[in-house]
Amino acid sequence: QAPQPGPKSACYPPHVLIWPLPALGHVNSMLKLAELLSHAGIKITFLNSEHYHERLVRHSSDVFSRYMNLPGFQFKTITDGLPKHHPQTVDNFHELLNSLASVTPPLLKDMLTDAKSPVHCIISDGLLSFAIDVAKQVGIPIIYFRTVSACAFWAYFCIPEIIDAGELPIKGNEDMDRLIKHVPGMEKFLRCRDLPSFCRAEDPMDMNLQLVVSETRSSVRADGLVLNTFEDLEGPVVSQIRAHFPKIYTIGPLNAHLKARIPENTHSSNSLWEVDRSCIAWLDNQPSKSVIFVSFGSVAVMQRDQLIEFWYGLVNSHKRFLWVIRPDLISGKDGENQIPEELDKATKERGYIAGWVPQEEVLGHKAVGGFLTHCGWNSTLESIVARMPMICWPSFADQQINSRFVDEVWKLGLDMKDLCDRKIVEKMVNELLVERREEFMKSADRMANLAIKSVNEGGSSYCNLDHLINDIRMLSS
Ligand code: UDP
């Protein structure tokens, strides 16, 4: 599709600076948006943290060279202000945000006011509110991109009301199934345990919780809000959000949108680790729909005893499995070499373990019949597009609410949150792959068809992306 010239008064081509939070899920989805905008003739500067950029270039050099070859596309790097070996885990998420907030504003300002390459519009991650302050100072429009689901965004947005109503903090384990009444539209099914994980803090003033709430609330100051979702999936929630943010662009699922607009684009996500492609050869030799794919994303960690419970559950289900065990998946290294012999033996017979796989390709493989996932938003969308029913074992942030929606609202799978027991794993794998397969496949097919429809010409996400492109041209004039 040829780039459309903007209105006469607009700068052409507009130059957009895209700035994700340095985390894989954020960078991956914002790169997809960057490519879609670049395809529409917009000049892109993609801003990565130095630390992150280095790892991505090392492990995804093919993807990076592809981006570098897009007309008018460039990468720039910016420091995150943290020491080189800072762990950058979820627990110290506030350290990353605070550090970015303290060191990057003057650097960003210099970039935005560089007369040699004027920036006309910023699309920043919706967790970087200090970018709004800088954008307002230099008079450049700013659009937010929030990489979480609309349901998670809406729950974050409502947290001050939930706290005011005395619904938080949660009073121990026995309180977890209490319904939350102050997230409009979710009164009938949202339990304490389904709220984003930061809400589990005993103190409502917890730093991570307060940060994510204030960042979410500050979104109203942006000139627009982009969400990686689609109307047939989250329309009712998006309507609630629209009452506060009139300018919302739902343009997802971005992975499907990219394929719809740029069919020749066949690349997979970026990596922080070496991709192990040998798993595809293993999958090629398995019967159709026989394998459960297990992956907990790029950040989630588990204890060693939890890993063993999952392992027994998978082995005892007697199903085949492909499991991504990242080098840093297990927290604590005690007894790392003592995998019980029976597990080892069964894994050699019908399992495959890899450090990092091309996930979208795996989900689309004919041998895969189900996905045991942590319900990160990208994984959830990738699973929906691949018509893959899910077992959800959420770990942190938005994953708790995503998994509730997968099970209770969209009927796309089973929510296993807060349980880690080999018997439950075994039971759910069999339900997903055998006993309730037909029921889940029906919902999965229906939702995948709606996802594909939304990103094809005339679909809601397709039209919303066109609106976004036109608005960028207008804002840049
Ligand atoms: N991913 C991958 N290979 C793997 C595991 C994950 O390419 O072995 C990708 C996956 O396709 C997704 C991203 O990593 O795009 C994980 O993002 P998500 O939002 O699901 O979870 P997060 O890592 O942010 O917790």
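This is a predicted model: local features need pLDDT of at least 70, side-chain atom pairs count only at pLDDT 80 or more; totals for chains, interfaces and linings use all residues.
Residues are numbered from 1 along each chain as its sequence is written.

**View 1. Helix α18 and its buried residues.** Helices (H or I, at least four residues) and strands (E, at least two) are DSSP runs, numbered from the N terminus. Look here for Ser461, Asn464, Leu465, Leu468, Ile469, Ile472 and Arg473, which are buried. Buried stands for 20 or more other C-beta atoms within 10 Å of a residue's own, exposed for 12 or fewer, and partly exposed for values in between, with C-beta atoms placed from the backbone.

**View 2. The shell around the ligand.** The ligand is surrounded by 19 residues, the closest being Gly25, Gly297, Gln359, Gly376 and Ser379. Two or more residues come from each of α1 (24-39), α13 (359-363) and α14 (377-385). The biggest share is that of α14, with four residues. Sorted by class, the shell has seven nonpolar, 10 polar and two charged residues. Here Ala, Val, Leu, Ile, Met, Phe, Trp, Tyr, Cys and Pro count as nonpolar, Asp, Glu, Lys and Arg as charged, and the others, Gly among them, as polar.

**View 3. Two cis peptide bonds.** Most peptide bonds are trans. Leu168 and Pro169, however, are joined by a cis bond with omega of about 5°, and Pro169 sits in the loop between α6 (150-164) and α7. Gly252 and Pro253 are also joined by a cis bond, with omega of about -10°; Pro253 belongs to the loop between β7 (248-250) and α9 (254-261).

**View 4. Positive phi at His318 and Asp418.** His318 is not a glycine, yet its phi is positive, about 65°. This residue is in the loop between α11 (304-316) and β9 (320-324). Asp418 has a positive phi near 70°, in the loop between β13 (413-415) and α16 (422-435). Asp418 counts as exposed because it has 11 C-beta neighbours inside 10 Å.

Terms used: A residue is near a molecule or strand if its C-beta atom, placed from the backbone, lies within 6 Å of it.
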